[in-house]
Amino acid sequence: MVSIHQRRSGRRPFYVRYRDAEGQQRTRSFGSKPDAEAKARAFVDRLQLAGDTNPQSSWKRFRERFERQQQTASDAHRQELARTADRFESVTGIEDVFDFTTASVDNFVMERRLAKGNRDEFISPATVNKDLRNLRAMANKAFRWREITEPVDVTMLAENCYEPRFMTESQFEGLLGALDAVTTPRLQHIEAKTWWVAFLVLQITTGWRRGQVLSLRWADVNFSTNEIFASAKRTKGRRDARTQVKPEVLQMLLPLRMEPGAGDPAANVFPYPHDLRQLYRDLRKVQDVADVRPPYDHVFDYQPYFAF
């Protein structure tokens, strides 16, 4: 089932022949015989694992199994995992889970560090570390499930530390005054500016993260006690969060009930039928118009200790 062959010429004359998870015959080429022998030994090790191991497990099959295990995680977390897996596949071209190695992760990091973001700047170490945390979780599962024979060493990058910078009242008023520059979300009965005012005011007065605010449901808003609630599934710390909110802030949410479907208690208070990256682009635009920028890349770095 696993064999080594040599071509008569070419830059990578040695190749290993094997069968993938669907039983199709495939080959992997190498520049030297030791590399081909090492890969062949890895294939053989896969075949010699205990009965609970799938010797023909493909990366696609492993990813599907891993994502099924994440069904209890928040939507934002599962979306971030999917984006990381897509990036990893795009950079490494991985097809077989036993190619999920320390070397493949290191190659991924090198390519990500050379990539540029939306503002034509190199991606920050903090952004790369988000992907690395997800890859580390996937690697640990792959090893525990005996999909790979060796643990994957995922080394986090060093991040720059910054002093916290807090938003002033005049800066926040500047942001609100610049909201005419955005046109999304496009909803039936709510203007984009109305949506954004409620979104920013609620975030800056509660300290909730963007994902928590976007996942807020009408059932989680108590107008009698002036409280909003987020279950552990929708918080980063995996703990229930119950926050007291000023009545005048909750009143800003009432126009959002005009949107169709808002009568359903399970409906989101802040419907956003667009890619979340558009939300970041809009906020950057507002920050540029208001000339209010965080000291570094993350658009929500202004933390909300500003009280009305």
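How many helices and strands does the secondary structure of the chain come to? The answer is 10 helices and six strands. The model is predicted. Average pLDDT for the chain is 83, and 86% of the residues score at least 70. Residues 49–56 form one of them, with pLDDT below 50. Beyond near neighbours in sequence, residues 49–56 have 16 contacts in the model. Residues 296–308 also stay under 50. For residues 296–308 the model has 46 contacts beyond four places in sequence.

Some totals describe the chain as a whole. Of its 308 residues, 39% are buried. The accessible surface comes to about 17,400 Å². Carbon and sulfur atoms account for 46% of that surface. Contacts between residues at least 6 apart in sequence were also examined. Of these, 56% join residues at least 24 apart.

Helix α6 spans residues 169–177. Gln171, Phe172 and Leu175 are buried in this helix. Seen down the axis of α6, the buried residues fall within an arc of 95 degrees, so they line one face of the helix. An α-helix has 3.6 residues a turn, so residues three or four places apart point the same way. Ser170 and Gly177 are exposed, on the other side of α6. The cover over the buried residues of α6 includes α7 (192–206) and α10 (276–290).

Arginine 146 sits in the loop between α5 (125–144) and α6. Its phi is positive, at about 60 degrees, although arginine 146 is not a glycine. The relative accessibility of arginine 146 is 33%, so this residue counts as partly exposed. In the loop between α6 and α7 lies proline 185. The peptide bond from threonine 184 to proline 185 is cis. Omega for this bond is near 10 degrees.

A positive phi also occurs at aspartate 291, where the value is near 55 degrees. Aspartate 291 is likewise a residue other than glycine. It is placed in the segment after α10. With 67% relative accessibility, aspartate 291 counts as exposed.

Arginine 112 belongs to helix α4, which covers residues 102–114. Is arginine 112 buried or exposed? Its relative accessible area is 11%, and the residue is therefore buried, as the cut-off for buried is under 20%. Which residues does arginine 112 touch, not counting those up to four places away in sequence? They are Arg87, Ile123, Thr127, Val128 and Asp131.

Strands β4, β5 and β6 make up an open sheet of three strands. The order is β4-β5-β6, and the pairing is antiparallel. β4 (221–222) and β6 (241–244) are the edge strands, and each pairs on one side only. Strand β5 runs over residues 227–230. Its antiparallel pairing with β6 extends over four bridges. Within the sheet, glutamate 227 stands opposite glutamine 244 in β6. Strands of a sheet pair through backbone hydrogen bonds, either parallel or antiparallel.

Notes: Residues are numbered from 1 along each chain as its sequence is written. This is a predicted model: local features need pLDDT of at least 70, side-chain atom pairs count only at pLDDT 80 or more; totals for chains, interfaces and linings use all residues. Side-chain values use heavy atoms; hydrogens and water are left out. Buried means under 20% relative accessible area, exposed over 50%, partly exposed in between (1.4 Å probe, protein chains only). Helices (H or I, at least four residues) and strands (E, at least two) are DSSP runs, numbered from the N terminus. The arc is that of the directions from the helix axis to the C-beta atoms. Contact means heavy atoms within 4.5 Å. pLDDT is the predictor's confidence in each residue, from 0 to 100. Two strands pair if DSSP finds at least two bridges between them. Accessible areas come from the Shrake-Rupley method with a 1.4 Å probe; for residues, only the protein chains shown count as cover.
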